[in-house]
Structure formats: structure tokens, C-alpha cells
Amino acid sequence: MSSILRERKNGRDFLLTRNLAPGIRVYNEDLVFRGGVEYRTWDPFRSKLAAAMLKGLPVDSIREGSRVLYLGTSTGTTSSHVSDIVGEKGLVIGVEFAPRVAREFVEKVARQRRNVIPYVADARDPEKYAISQVDAVYCDIAQPDQTQIALANCRRLLKKGGTLFLVVKARSIDVLKEPSRVYEEERSKIEADGYRVRAVVELSPFEKDHALIVAERP
């Protein structure tokens, strides 16, 4: 069975991920069974990655067995689903700066899953992570310099041909500009670093004034 399923019910598409920690919920999501295997429902109003996939990003953009550096993991809603997707042979390195939030991430996610390593650290300081190169960097940080933070981590830790997933929060960068203009400006910064942008997915109605930029490192 695939680690991620897309289904349609009552005229609405939704996603499921195979639960790597059977019987355990992270954020009160539903547990359902398909072919005798337990899956978790994935709420696109609480996960920008799920929203992007429902708006056209291929569901295999993150693959089983991948190593993923997740910047801004918060309490672990999305990173727990990434853990499901990469499976037992993959790895999720979750970085969170706020100690209280990081503790919740450790209790709800890292302690329940052997493929998750938590770091309480500032994503501006990637040399402090004791890890080798990764297949993907996922960045969801509400800072004006979020793109620069993501690129600094990629230069140090993303392997050639690896993928950057950058959540752009337009209002965190500039509250006056049109969000579409902010997305284009952040895209230009990524391309100036030599990356090939594969997709820019605007996330409404799930997340207002947000987009996910997906780019490949040369």
C-alpha cells in the first residue's frame, strides 16, 4: 500500500497518510483503515503541504526513504505526515526555535516515531545541526528573511538535485505589497541562487496570502 492516498468523497478530495505510529493521533485527526492498514486523515486547513497537494502539487513530491530537514516544525502537524510518507527507511530532522513548542513536538511526534530527530535550534544557524546532507529541505518560518534562511540551510545541507519546499507567508515579508508580487520576488531570490523553480502553488482557500515554492538545487 502507498504511504499516501488521495481519495474523493461527497464531491471533495482529501488525503490520507499511512500511520507510522498505529493508534496514535497527533492533532485529533481521524484514523481510518484501507486494505487492513491504518491511515491518518490529513487536514489541508492545518497543513500547507496538504493544501499544496490538493491544489496540484504531485503527491509523490516527497518520496518514501527520503531524508527531510524540516525548518519550523512547530508542534508537528505537517512533519508527522512527512514522517508517515518517508516511512521507516526515511528520516525527518525537525528544527524548532521556541522551547515550549519544541517540547510539544517531542512529546507528540518524536517520542512516537523512530524516524524523527528533534532539534531545538535557530534555523539561522544550520552549522549547529549534526547531520549529513538531505534529499529535501522544507521551510515554514514566519520571518521577513525566510527565503534567505532556507537558502542558507540548503547551501550547507541539501544535496545536489535535492528539493527545496519553501512556504512563503506574504504578510510576514511585506504587509503592504500584493501577495502575488511577494511570491514573484521570493521566486527571483531562489532563481538567483541557481535553483530551478518547478512550481509556485498559491494556497487559498486553505491558507490566505500563502504560497509554496518548490525548487530543485542544481
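## Residue classes and the model

Ala, Val, Leu, Ile, Met, Phe, Trp, Tyr, Cys and Pro are counted here as nonpolar, Asp, Glu, Lys and Arg as charged, and the others, Gly among them, as polar. With these classes, the lining of the second largest pocket comprises seven nonpolar residues, one polar residue and six charged residues. The model described here is a predicted one.

## The second largest pocket

The space in the second largest pocket amounts to about 280 Å³. Its lining is made up of 14 residues, and those closest to the pocket centre are Arg12, Phe14, Asp30, Thr41 and Trp42.

Three strands, β2 (12-18), β3 (31-34) and β4 (37-42), each contribute at least two residues to the lining of this second largest pocket. The largest share of that lining, four residues, is supplied by β2.

## Glu29 in the loop between β2 and β3

The loop that lies between β2 and β3 contains Glu29. Is Glu29 buried or exposed? Glu29 has a relative accessible area of 3%, and because buried means under 20%, this residue is classed as buried.

## The largest pocket

For the largest pocket the computed volume is about 440 Å³. Its lining consists of 24 residues, of which Gly72, Thr73, Ser74, Glu96 and Asp140 are the closest to the centre.

By class, the lining of the largest pocket divides into eight nonpolar, nine polar and seven charged residues. Both the helix α2 (77-86) and the strand β6 (91-96) provide at least two residues each to the lining of the largest pocket.

## Strand β6 and its partner

Strand β6, which supplies at least two lining residues of the largest pocket, pairs with strand β7 (residues 116-120) in the parallel sense, over five bridges.

Which residue of β7 stands opposite Glu96? The residue opposite Glu96 is Val120, and Glu96 is also among the residues closest to the centre of the largest pocket.

Note on methods. Residues numbered from 1 in each chain as written. Predicted model: local features only at pLDDT ≥ 70, side-chain atom pairs only at ≥ 80, totals over all residues. Heavy atoms only, no water. 1 Å grid on protein atoms, 1.4 Å probe; cavity = no way out; pocket = protein on both sides within 12 Å on 5 of 7 lines; lining within 4 Å. Points joined across faces, edges and corners; volume = space filled by probe spheres on them. Pairing = 2+ DSSP bridges. Buried < 20%, exposed > 50% of the residue type's maximum accessible area, 1.4 Å probe, protein only.
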